[in-house]
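Here are a few friendly notes to read alongside the model. Take them one at a time, with the structure open.

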Amino acid sequence: MAISMYHASVPVFVQLLGGLKGVLEKAQKHATEQKWDEATILNWRLYPDMFTLARQVRQSCLHALGAGTV
């Protein structure tokens, strides 16, 4: 039985993006409790040569979108 790349990849992306949503909701809650500026957190890098958090989220979404439209 053949399986398409769409059916092999889209469920994985849905699960991963759902997990990312949960992490971002927890981060937002923590930032609100600590009275941190959200823009500051979105511009953080875990390591100097990494993209910012905002760019990593955007790249994750674009990667999932690109894989789902093929």
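1. Thr 52 counts as buried because its relative accessibility is 15% (buried means under 20% relative accessible area with a 1.4 Å probe, protein chains only). Thr 52 sits in the loop between helix 2 (38-42) and helix 3 (53-68); helices are DSSP runs of H or I with at least four residues, numbered from the N terminus. Leaving aside residues up to four places away in sequence, Thr 52 touches Leu 42, Asn 43, Trp 44 and Arg 45, where contact means heavy atoms within 4.5 Å.

2. A word on the basis: this is a predicted model, with local features needing pLDDT of at least 70 and side-chain atom pairs pLDDT 80 or more, while totals for chains, interfaces and linings use all residues. Residues are numbered from 1 along each chain as its sequence is written, and side-chain values use heavy atoms, without hydrogens and water.

3. Now turn to Ser 9, in helix 1 (residues 5-34). Ser 9 is also buried, because its relative accessibility is 14%. Its side chain reaches the backbone oxygen of Met 5 at 2.7 Å.

4. Which helix gives the largest share of the lining of the largest pocket? Helix 1 does, with five residues.

Terms used: Helices (H or I, at least four residues) and strands (E, at least two) are DSSP runs, numbered from the N terminus. Buried means under 20% relative accessible area, exposed over 50%, partly exposed in between (1.4 Å probe, protein chains only). A polar contact is a pair of N or O atoms within 3.5 Å; within protein, one must be able to donate a hydrogen and the other to accept it, and residues adjacent in sequence count only if both atoms are side-chain atoms.
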